[in-house]
Amino acid sequence: MKLLIVRDRSAVPDACFWLAAALGLILAGPAGAQERFRRTPPLPDAQRLELKLPAVETTVLANGLTVATARRPGSPVVTLQLVIRAGEADSPPDRPGLAALTARMIGKGTRQLSADYIENMIESLGAVFKASVFMDYTVLTMDVLAEYLDRAVYVLRLITLEATFGERELGAVRRAAFWELYESKKDPEVLGWRQLLAVLFEKHPYRLATQNEDVIKFITPRDVADFYGRFYRPANAAVLVSGDVDGPAIAQKIGSHFSAWSGAAPAQAPPPPPAANDRERICYVEAPEAGAATIFAGNVIMASSAPDFFPFLVLKQILGGTTGSRLFMSLRETKGLATFAFSEMEVFRSCGVYWARAQVRPEAIVPAVRETERVIGGLAAGPPPPFEVEEAKSYLIGSLPLRFESAEGFAEWMARYVALGLGQAQWDGGTEAIKQVNAEMVGETARKYLSARPVVIVVGRPEWIGPYLGGLEPVEIYDASGQLKSTTRKQGEGR
Amino acid sequence: MQKAARIFIALAVLAVPASRAAGQLDTVTPASLPFSFQEYRLRNGLRVVLSADDRLPLVTVAVGYSAGTLRERPGQEGLAFLLENLMFQGSENISPLQHIAFIQKVGGELNATTTADKALFYETLPSNQLALALWLESDRMKSLAITPAAILRTRSELVSEHRARLRSDPYLSTFALFDTLLFPDDLYGHPLIGDGLRMDGLTETEILEFHRTYYVPNNAVLCIAGNIDTARTRELVARYFDSIPPGLDSPIPPRPAFKRENDAVVRDVRIPAGSAGFHMGFRFFPLQRGEADCLRILEYILLEGETSRLRSRLLKRDLTARYLTGALDERLSVATLKVFCLATNAVMIARSEKAILSEIDRLKTNAVSPEELGRARRRYKGDHLERLSTNLGRARYLVDAWSSGKSLAALDGELNGVLGVTPQALTSFVSRYFIPQNRVVLRFAPQ
């Protein structure tokens, strides 16, 4: 193989440069043309810097509202959040999407103020307001310059506690949500994720039922008001502030604004985790505009409070955390089947999900599915070698601070921590917890969670089913709205 | 021996102080920015900018080369992007793709990007691994290994991935076409990769020449932001970068030679799928002093937030559009304001265009109210400070300033300049530049 070491031979550097270069060569000794220090990667500085996050100062008001503050010096933009401990899993089975629409209706009117007036009031502060709905909780977020924080607290109280739900405003919110759901059905990643949840949580609240945008049409102002009345209560909520703020002072202001909010917490119990899938199940979701096939393979795992959460984090990293992990190395680098192959996990209140995901050429669907299953099964068969465990730990420990760099990342972490009532290890104790993980723990966790056969979802064009799925049968074929269309059978089997 | 020893000592005496005095170290603590920085230059011409922040145990290393698409000659479309990707294919001491593996092993994140003015490479990693990032970046700056096999593989991957994106995103090709209309100068307006055909035709000689000319320390900036000890960092920078030979001075990119039409340019195209809509853009060239500040505020008045003029009018009042976004695109001396709109249906395209022009006309005749201006200023300030809240955000800000030819010391007044824009200045700016000759429209509809 021809190797060209590219250097500029035509350049004429100044004399001073060559003098230093000559000295460099002399100091480098007899190592040859290049300085010796260039040959091997440098060692890290001896003292590893520990991650220490600002403490979360928490108080609970007489009405049950939690107020939590975290001071981040040097952050001129402050994040103000209202967390409601109810999310998409709390939408009634016949009203999927209700939690999301309720959250989006906050800021769309009060008894005194119109939606336009409120929008103008928020943006006059230079603030950005958004609603995010997760499986177990909802977060209303306002990012604002520190000098407008007092006013922002007032506005947040006003739009939340005095919210009204008019048909006209709900119509606009429904239309926007409808289009978003409609457009999202063109994204193979979204389709794969929704179908994975639909299969793993078939009769469970964690089943995402908003696969079809039509479900949004039936939500009425009454539905929204009922959901709001049941869950938007002080004892089921928390107000969070993070930024360069005086925590006690702002907590006091929040207390004075929200102390009149009343209502007991709703009777809620976390949904029990379902059993993991343990049979071969392959689903194909049709995506007529897909450029490549997308594969998901996953199963149910533990909640983040479980003792094997941190060993699983390491395990997930070994499986497919980076381009050096097993899935990428096998599916892309060794076998040339995939453009990428990684692993993910998402943890809810009572359980979680892991999944491998890969993008492949249509003709590589079958070998890529089998290889993904093989890599997952390989980890379940025995503990990984210690060096692989240490590399995964090194990545996890090193990457942890990256989550907290931005105001948004920090605030998201804080909201999750408060909403799910997590312990200190989940705040900034992750480094220590990961350090304790060893190969045996990872092996035991893999045996426990990866032995069960994962559900496989393939997302691709309808015309790929005939020529490219041979050997995977039976395959359940779904349309982009999650409706079962047919099931392919092996040749010779009846339908 | 004695003579050799004397020469060695003389060299050491001469060279060590020279190394220390390689560049002036000026600490700049801008009053209007939430960070300070130091800037100096190595003897080989490499500009170095350091910005310390000890809030988290992280550091970002960013290396920018003035090697963007503006450096490509006619027919070389895709060359800058190809070089960016070849930078991950190994160097004298680092095997292909090992750069990524080294960073990921310690939990870091990395990426690279090519724009009109530069190619930018960056990694954020634990701050005790700073030397690792400098070792990696210096090795590929000093001795990038470009093999015919690497060229073939990289080019093939880039073209096939780009073609897959073109197949799955019906609007993608319209963005490239719109750029060629909005920047009617091939150098400024040609796409990053296009259809890939020209990239396929690039020769090894062209690739090597591009690298030799532009990937040299005197055509680059190294920015290090994060939890660093400045003295120790300077030592490491000197160790890894000081001995890299400089190249010839890179030519200054030519100014655009626009062929200006007498009226707005309007084109129609068909796309394979998706919805009907249009791109509308305005060109600002040459901008006078202070006019860029007007443009920044104007972007917020027109497009940022739900109460901004165009979003409010098209998405809420007229309901002629169901998606609207826009942004400034600055390519050295040329700035543009671009709007991308998906209409509620094909009939609404004309109404949406008319509504945009009517909102702009209002800006020419009625001064922006203090409330509206205040809202845009506050929002701009919040976004600006938010962008600078991470090490990577600060590093990119400093590298961007370098590549646009600004003095870093002048950054101090930048935010205040934007916040100081007056209603009169806005009216004058809009009247001067928002004229048909600067307007381009590209309409698209599914086949």
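**A tour of chains A and B**

Start by selecting chain B, which has 17 helices and 13 strands. Both kinds of element are DSSP runs numbered from the N terminus: helices are H or I with at least four residues, strands are E with at least two. The model is predicted: local features need pLDDT of at least 70, side-chain atom pairs count only at pLDDT 80 or more, and totals for chains, interfaces and linings use all residues. Residues are numbered from 1 along each chain as its sequence is written, while chains are lettered from A and ligands numbered from 1 in the order in which they are written.

Keep chain B on screen. Its C-alpha atoms fill a box of roughly 90 × 50 × 40 Å along the principal axes. Of the 447 residues, 49% count as buried. A residue is buried if 20 or more other C-beta atoms, placed from the backbone, lie within 10 Å of its own, exposed if 12 or fewer, and partly exposed in between.

Next, select R362(B), in helix α13 (residues 348-365) of chain B. R362(B) is partly exposed because 13 other C-beta atoms lie within 10 Å.

Now go to chain A and colour domain 1 (57-258) and domain 2 (281-488). These bounds come from an automatic or database domain assignment. The domain centres, taken over C-alpha atoms, are 29 Å apart. In domain 1 of chain A, 35 residues are in contact with 31 residues of domain 2; contact means that C-beta atoms, placed from the backbone, lie within 7 Å. On the domain 1 side, α6(A) gives the largest share, 10 residues.

Finish with V83(A). Along with V314(A), V83(A) has the most contacts inside the largest nonpolar core, which has 223 residues. Such a core is a set of buried Ala, Val, Leu, Ile, Met, Phe, Trp, Tyr and Cys residues joined through C-beta atoms within 7 Å. Leaving aside neighbours within four places in sequence, V83(A) is in contact with residues including Y137(A), L240(A) and V418(A). A second, separate core of 47 residues includes L298(B) and V441(B).

Technical notes
Two residues are in contact if their C-beta atoms, placed from the backbone, lie within 7 Å.
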